[in-house]
Amino acid sequence: MNLKRTGLIASLLFLQVGYSLAQIADAKTDEKDPCKQIYCRTPNVRLQLNNQEIFESAIETPLPVLINNKLISVYPGEIVFIEASVENGVIKLEQAVAANTHPERTLVFKFEQMDKKKDMFLEVENPFPENIKFKMGYMLTDSSKIYATSSCPVGGKLKLFEHWPYPIYQLLLTQAKVLGPSDKKVCN
(Lines give C-alpha, C1' and ligand atoms only; values in the text may rest on other atoms or scores of the structure.)
Protein backbone atom coordinates (compact mmCIF):
# COMPACT_ATOMS: atom_id res chain seq x y z
CA MET A 1 0.00 0.00 0.00
CA ASN A 2 1.39 3.37 -0.84
CA LEU A 3 1.78 6.19 1.67
CA LYS A 4 -0.77 8.39 -0.12
CA ARG A 5 -3.55 5.80 0.33
CA THR A 6 -2.54 5.21 3.97
CA GLY A 7 -2.77 8.94 4.69
CA LEU A 8 -6.09 9.18 2.87
CA ILE A 9 -7.56 6.29 4.86
CA ALA A 10 -6.37 7.75 8.15
CA SER A 11 -7.77 11.15 7.17
CA LEU A 12 -11.13 9.66 6.21
CA LEU A 13 -11.34 7.81 9.49
CA PHE A 14 -10.56 10.93 11.47
CA LEU A 15 -13.05 13.01 9.47
CA GLN A 16 -15.86 10.50 9.99
CA VAL A 17 -16.14 11.48 13.65
CA GLY A 18 -14.64 14.95 13.61
CA TYR A 19 -11.34 13.80 15.06
CA SER A 20 -8.94 16.74 14.99
CA LEU A 21 -5.63 17.70 16.50
CA ALA A 22 -7.51 20.10 18.78
CA GLN A 23 -9.61 17.22 20.13
CA ILE A 24 -6.49 15.14 20.60
CA ALA A 25 -4.94 17.97 22.59
CA ASP A 26 -8.12 18.36 24.66
CA ALA A 27 -7.89 14.67 25.51
CA LYS A 28 -4.36 15.28 26.82
CA THR A 29 -2.73 13.07 24.22
CA ASP A 30 0.45 13.72 22.30
CA GLU A 31 -0.55 15.83 19.25
CA LYS A 32 2.13 14.24 17.09
CA ASP A 33 1.43 10.67 18.13
CA PRO A 34 -2.06 9.95 19.53
CA CYS A 35 -1.09 6.25 19.58
CA LYS A 36 0.96 6.94 22.71
CA GLN A 37 -2.34 7.33 24.58
CA ILE A 38 -4.78 5.12 22.67
CA TYR A 39 -4.50 1.59 21.28
CA CYS A 40 -3.30 1.51 17.68
CA ARG A 41 -2.16 -1.19 15.29
CA THR A 42 -0.45 -1.52 11.90
CA PRO A 43 -2.74 -3.80 9.88
CA ASN A 44 -1.52 -6.18 7.20
CA VAL A 45 -4.30 -7.03 4.78
CA ARG A 46 -4.33 -10.02 2.42
CA LEU A 47 -7.52 -10.63 0.46
CA GLN A 48 -8.56 -13.12 -2.19
CA LEU A 49 -10.17 -10.90 -4.86
CA ASN A 50 -11.22 -13.70 -7.20
CA ASN A 51 -9.94 -17.14 -8.20
CA GLN A 52 -6.60 -15.73 -9.37
CA GLU A 53 -5.97 -12.30 -7.84
CA ILE A 54 -4.75 -11.52 -4.35
CA PHE A 55 -4.66 -8.05 -2.82
CA GLU A 56 -1.98 -7.32 -0.22
CA SER A 57 -1.40 -4.19 1.80
CA ALA A 58 0.90 -3.47 4.72
CA ILE A 59 0.05 -0.26 6.54
CA GLU A 60 3.18 1.14 8.16
CA THR A 61 1.52 4.04 9.96
CA PRO A 62 -0.11 2.97 13.24
CA LEU A 63 -3.87 3.56 13.10
CA PRO A 64 -6.27 3.72 16.05
CA VAL A 65 -8.89 1.00 16.43
CA LEU A 66 -11.37 3.24 18.26
CA ILE A 67 -11.52 6.84 17.05
CA ASN A 68 -12.92 9.52 19.33
CA ASN A 69 -14.74 6.77 21.26
CA LYS A 70 -17.29 6.63 18.42
CA LEU A 71 -15.87 4.90 15.35
CA ILE A 72 -14.50 1.34 15.34
CA SER A 73 -12.16 0.36 12.51
CA VAL A 74 -11.64 -3.33 11.72
CA TYR A 75 -9.40 -4.80 9.01
CA PRO A 76 -9.63 -8.37 7.66
CA GLY A 77 -7.82 -10.84 9.88
CA GLU A 78 -8.24 -8.71 13.01
CA ILE A 79 -9.94 -9.43 16.28
CA VAL A 80 -10.76 -6.11 17.92
CA PHE A 81 -11.60 -5.67 21.61
CA ILE A 82 -13.58 -2.62 22.74
CA GLU A 83 -14.20 -2.09 26.43
CA ALA A 84 -17.58 -0.44 26.97
CA SER A 85 -20.24 0.24 29.56
CA VAL A 86 -24.03 0.49 29.52
CA GLU A 87 -25.72 2.90 31.90
CA ASN A 88 -29.33 4.10 31.82
CA GLY A 89 -29.89 2.54 28.40
CA VAL A 90 -26.86 4.20 26.78
CA ILE A 91 -23.73 2.40 25.59
CA LYS A 92 -20.39 4.15 25.98
CA LEU A 93 -17.40 2.87 24.00
CA GLU A 94 -14.53 3.49 26.42
CA GLN A 95 -11.33 2.17 24.86
CA ALA A 96 -9.80 -0.31 22.45
CA VAL A 97 -7.49 -2.81 24.12
CA ALA A 98 -5.00 -5.41 22.92
CA ALA A 99 -6.56 -8.34 24.81
CA ASN A 100 -9.92 -9.31 26.29
CA THR A 101 -8.99 -9.06 29.98
CA HIS A 102 -12.50 -7.94 31.03
CA PRO A 103 -14.91 -10.18 29.07
CA GLU A 104 -17.88 -8.93 31.11
CA ARG A 105 -17.55 -5.47 29.48
CA THR A 106 -15.70 -6.12 26.22
CA LEU A 107 -17.31 -6.12 22.79
CA VAL A 108 -15.42 -8.45 20.43
CA PHE A 109 -15.27 -7.96 16.64
CA LYS A 110 -13.70 -10.69 14.50
CA PHE A 111 -13.47 -9.90 10.78
CA GLU A 112 -12.17 -12.45 8.30
CA GLN A 113 -12.34 -13.82 4.79
CA MET A 114 -13.34 -17.40 4.08
CA ASP A 115 -10.44 -19.60 3.06
CA LYS A 116 -9.82 -19.43 -0.69
CA LYS A 117 -13.06 -17.49 -1.25
CA LYS A 118 -13.87 -13.82 -1.56
CA ASP A 119 -16.68 -13.88 1.05
CA MET A 120 -16.20 -11.88 4.25
CA PHE A 121 -17.58 -12.59 7.73
CA LEU A 122 -17.93 -10.44 10.81
CA GLU A 123 -18.58 -11.97 14.21
CA VAL A 124 -19.67 -9.60 16.97
CA GLU A 125 -19.86 -10.74 20.60
CA ASN A 126 -22.02 -8.70 22.99
CA PRO A 127 -21.26 -9.23 26.71
CA PHE A 128 -24.15 -7.04 27.88
CA PRO A 129 -27.74 -8.18 28.55
CA GLU A 130 -29.06 -5.38 26.33
CA ASN A 131 -29.48 -5.62 22.55
CA ILE A 132 -26.99 -3.35 20.74
CA LYS A 133 -27.00 -1.99 17.20
CA PHE A 134 -24.30 -0.27 15.14
CA LYS A 135 -24.36 1.57 11.83
CA MET A 136 -21.79 0.04 9.49
CA GLY A 137 -19.83 1.01 6.43
CA TYR A 138 -16.98 -0.52 4.47
CA MET A 139 -14.20 0.29 2.03
CA LEU A 140 -13.26 -1.83 -0.96
CA THR A 141 -9.70 -2.46 -2.14
CA ASP A 142 -9.99 -0.22 -5.21
CA SER A 143 -11.60 2.87 -3.67
CA SER A 144 -11.37 5.21 -0.71
CA LYS A 145 -15.16 5.65 -0.71
CA ILE A 146 -17.07 4.46 2.35
CA TYR A 147 -20.18 2.45 1.44
CA ALA A 148 -23.06 2.04 3.87
CA THR A 149 -24.15 -1.51 4.59
CA SER A 150 -26.99 -3.01 6.57
CA SER A 151 -26.42 -4.29 10.08
CA CYS A 152 -28.40 -6.43 12.45
CA PRO A 153 -28.81 -5.95 16.21
CA VAL A 154 -26.54 -8.01 18.45
CA GLY A 155 -28.71 -9.77 21.01
CA GLY A 156 -27.91 -9.46 24.69
CA LYS A 157 -25.14 -11.89 25.75
CA LEU A 158 -25.11 -13.32 22.21
CA LYS A 159 -22.99 -13.38 19.06
CA LEU A 160 -23.98 -11.98 15.69
CA PHE A 161 -22.66 -13.10 12.31
CA GLU A 162 -22.71 -10.79 9.27
CA HIS A 163 -21.75 -11.87 5.73
CA TRP A 164 -20.73 -10.12 2.51
CA PRO A 165 -20.15 -12.05 -0.77
CA TYR A 166 -17.21 -9.82 -1.83
CA PRO A 167 -13.83 -8.75 -0.42
CA ILE A 168 -13.85 -5.80 1.99
CA TYR A 169 -10.69 -3.83 2.76
CA GLN A 170 -11.91 -2.21 5.98
CA LEU A 171 -15.08 -2.30 8.06
CA LEU A 172 -16.28 0.73 10.06
CA LEU A 173 -18.83 0.62 12.88
CA THR A 174 -20.32 3.70 14.49
CA GLN A 175 -23.38 5.07 16.30
CA ALA A 176 -23.54 2.27 18.85
CA LYS A 177 -27.00 2.20 20.39
CA VAL A 178 -28.79 0.16 23.04
CA LEU A 179 -32.16 -0.91 21.66
CA GLY A 180 -35.06 -0.13 23.93
CA PRO A 181 -38.24 -2.18 24.29
CA SER A 182 -40.02 -0.14 21.59
CA ASP A 183 -37.14 -0.24 19.10
CA LYS A 184 -37.54 -2.61 16.17
CA LYS A 185 -34.96 -5.37 16.14
CA VAL A 186 -34.46 -5.45 12.40
CA CYS A 187 -31.51 -5.56 10.04
CA ASN A 188 -31.19 -2.32 8.10
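**Sheet arrangement, hairpin and nonpolar core**

In this predicted model, five strands form an open sheet in the order E5-E6-E14-E11-E12, and the pairing within this sheet is antiparallel. Strands E5 (66–67) and E12 (147–149) each have a single partner strand and stand at the edges, so that one side of each is left without a neighbour in the sheet. Within the sheet, strand E11, spanning residues 132–139, pairs in the antiparallel sense with strand E14, spanning residues 170–178, over 7 bridges; in this pairing, Tyr 138 has Leu 171 of E14 as its bridge partner.

A further antiparallel pairing is found between strand E2 (residues 44–48) and strand E3, which are linked by 5 bridges, and the hairpin that joins E2 to E3 runs through 5 residues.

In soluble globular proteins, nonpolar side chains tend to be buried together. The largest nonpolar core of the model comprises 37 residues, and the residues with the most contacts inside this core are Ile 72, Ile 82, Leu 107 and Phe 109. When residues up to four places away in sequence are not counted, Ile 82 touches Val 65, Leu 66, Ile 72, Leu 93, Gln 95, Ala 96, Arg 105, Thr 106, Leu 107 and Phe 109.

Methods. Residues numbered from 1 in each chain as written. Predicted model: local features only at pLDDT ≥ 70, side-chain atom pairs only at ≥ 80, totals over all residues. Heavy atoms only, no water. Pairing = 2+ DSSP bridges. Helix = DSSP H or I, 4+ residues; strand = E, 2+ residues; numbered from the N terminus. Core = buried A, V, L, I, M, F, W, Y, C linked by side-chain atoms within 4.5 Å. Buried < 20%, exposed > 50% of the residue type's maximum accessible area, 1.4 Å probe, protein only. Contact = heavy atoms within 4.5 Å.
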